[in-house]
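Me: I have a structure open and would like to learn how to read it. Can we take it feature by feature?

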Amino acid sequence: MLLVIEQIFDCNEVRVFREHLDSAQWQDGKLTAGTQAINIKRNQQLDGNSELTQTLGNEILKRLGQHPQFISAALADKIYPPKFNNYHDGGCYGTHVDSAVMTIPSSNELLRTDLSATLFFSEPDDYDGGVLTIETEFGAQEVKLNAGDMVLYPSSSLHQVTPVTKGQRVSAFFWIQSMVRDHSQRSMLYDFDQSIQQLTTKLGVDDPDVLRLSSIYHNLLRSWAL
């Protein structure tokens, strides 16, 4: 499941983020590239240990922790602290797959990458190129979203960022370990939960059918959660 979640942040909130990001000290993205990625990664990133990265990252995590659609789709167990990147002057990231397991910074705790997320902080008209292309079971999907919008997709997917030939593409990115490891089960639970929410709006939270479906949902989650 490739899912776009709109307006994680509104335009005014995006503006505040950009004020901080535009005045930040960026470093070569190759400093955090692995053996294979170092030859295909051409971008800039913020130092993951910087106060700015941690402050802005915490703002993202706080917002996601209150966002019903993200909670429903990710069923997050652990989230890797958000990082920030900047593509410009031909910057790109060739086709790759994210590492399966990562160590959460400042800890010995491991995170299995079930889901990858990109949260855009540049408007699509602000830059040429810079398309996030994700290989799915239905073919390659091109993603270039409004500032404040986020895409969530399986970390097992091959993906790339095409060269930015004009302007700059600024975004946050991070990974999620879900309570439900299996992608198809997690997708079914998301669809199930979205239907329950719509029925609840129409019929009310005390409707017998809504209660029955909610019970089935939670029993499935109980069975499938790690």
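Reply: Start with the surface. The protein chain exposes about 11800 Å², by the Shrake-Rupley method with a 1.4 Å probe, where for residues only the protein chains shown count as cover. Carbon and sulfur atoms supply 49% of that area. This is a predicted model: local features need pLDDT of at least 70, side-chain atom pairs count only at pLDDT 80 or more, and totals for chains, interfaces and linings use all residues. Residues are numbered from 1 along each chain as its sequence is written, and side-chain values use heavy atoms, with hydrogens and water left out.

Me: What share of the 226 residues is buried?

Reply: Buried means under 20% relative accessible area, exposed over 50%, partly exposed in between (1.4 Å probe, protein chains only). Here buried residues make up 43%.

Me: Which secondary structure does the chain have?

Reply: Helices (H or I, at least four residues) and strands (E, at least two) are DSSP runs, numbered from the N terminus. This chain has 5 helices and 16 strands.

Me: How do strands form a sheet, parallel or antiparallel?

Reply: Strands pair through backbone hydrogen bonds, and either direction can occur. Two strands count as paired if DSSP finds at least two bridges between them.

Me: How many bridges join S3 to S7?

Reply: There are 2, and the strands run antiparallel; S7 covers residues 92-96. Lys41 has Tyr93 in S7 as its bridge partner.

Me: What does the C-alpha trace span along its principal axes?

Reply: About 60 × 35 × 35 Å.
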